[in-house]
Amino acid sequence: SRSSKVVYLKNGLLATVGFSRYSDRQLAIWSDNSMEKPLANEVIDSSSGVIFPYFDYDTNVLFLAGKGDGNIRYYEVVDTAPWIHFLNQYLSGLPQRSLGYMPKRGCDVNKCEIFRFYKLHTTKAMCEPISMIVPRKSDQFQDDLYPDTAAPLPTVSASDWLNGVNRPPQLMSLKTGVTIRTHKPKVLTANEPLQNGGSDNKYHVKMAFLTKQTVADYRPLDQREMPIVPDVVQNTTHFIQSSTPEIMGNAESEKIVKTSTNQSTKFQEIQRKFGKTVFSEEKSHKINEMDLDNIPKTYNQLQRAYDRLYEEVLILRKQLANRDKRIEDLESQVCHFKKLTKGI
């Protein structure tokens, strides 16, 4: 009369969780070719909550979470006897009402996250995310943890499925995010143009956008509506772009373009204010006009400018204090060396 659950594994295996005649919670592994006797049977505990199985098809890890329990057990499923190996369990003092999980394509590959649960608490109106992370020291992509996984695209249409057509799921790579091509037919409607249809075209458009060179903007948010490059630099860039292709191919010209593009960074602004004057009077007049345009006009802009200047003052004070300490250290070393020379 008690509830039992089943989940399909790989290679024709099934996993069932339920209760024995002695009210013990059990885990059993079955083969779909012979359902008379289980391949493996393991007693979990004697609790009364219903267990929900969750299987990760990419890593062959089976998660068991009981209703009203605070822990989540996980096992590794293999193709030979003893069929399952207990790995570990997640322990928590707060019971769970139910669990949901994130698809593998939503997990964080940089943290080696292989599964993410969303735990609905029993005593609190709260949904808590629980990440299952494999401890790895390397920051590179782990191919053994993230093989090609199921993509969010169907392989058959609804009419084909009703007619009995069966195909494997379409896979995608978590390293590049590129969907692997399968034998899924591409159906185009009459209203859909050929040049705009298909996922391959979307992929090429995305890669073309990603390959564009971007320029970092280090200015405050209230100043980002202004042009990122001053007039002087725009004239210089325009002069360089209008030059011959032979000059543009040189490394020196590329360096000039990059230097001119970065003239609006915070460091370059400070260097133009307090450094030596390298512009002519006409160019300096243009820069002074731009500085007048950057004067705060509202209270929020004035507050941001005040906070930014206060942080700069703190940094300068810290550097000044470190400089005095360094001078004291050098003076003590000089006195020490003088004493040594007198002793010799």
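Predicted model: local features only at pLDDT ≥ 70, side-chain atom pairs only at ≥ 80, totals over all residues.

Which residues are linked in a network of salt bridges? I find R25, D45, D69 and R73 in that network. My cut-off for a salt bridge is a side-chain nitrogen of Lys or Arg within 4 Å of a carboxyl oxygen of Asp or Glu.

Residues are numbered from 1 along each chain as its sequence is written, and side-chain values use heavy atoms, with hydrogens and water left out.

**Entry 1: salt bridges.** I searched the whole structure and got seven salt bridges. One of them joins D45 to R25, with the closest N and O atoms 2.7 Å apart. D45 sits in strand β4 (residues 40-45) and R25 in strand β3 (residues 25-31), so this pair ties together parts 20 residues apart in sequence. Strands here are DSSP runs (E, at least two residues), numbered from the N terminus.

R25 also forms a salt bridge with D69, the closest N and O atoms being 2.8 Å apart. D69 lies in the loop between β6 and β7 (72-77), so its pairing with R25 in β3 ties together parts 44 residues apart in sequence.

I then checked burial (buried means under 20% relative accessible area, exposed over 50%, partly exposed in between; 1.4 Å probe, protein chains only). R25 is buried at 1%. D69 counts as buried at 12%. D45 is buried too.

Next I looked up D58 and K104, whose side chains meet in a salt bridge at 3.3 Å, N to O. D58 is in the loop between β5 and β6, and K104 in the loop between β9 and β10 (113-121), so the pair ties together parts 46 residues apart in sequence. Both D58 and K104 are buried.

**Entry 2: the sheet.** I traced an open sheet of four strands, order β5-β6-β7-β8, with antiparallel pairing. Two strands pair if DSSP finds at least two bridges between them. The edge strands, β5 (51-56) and β8 (84-90), each pair on one side only. Six bridges join β5 to β6 (residues 61-66). I51 has G66 as its bridge partner in β6.

**Entry 3: Q96.** I found Q96 in strand β9 (residues 96-101). Q96 counts as buried, at 1% relative accessibility. A polar atom of the Q96 side chain lies 3.1 Å from the backbone oxygen of G66. Q96 touches (heavy atoms within 4.5 Å) several residues beyond four places away in sequence, among them G66, D69 and K119.

Terms used
Polar contact = N/O pair within 3.5 Å; in protein donor to acceptor, adjacent residues only side chain to side chain.
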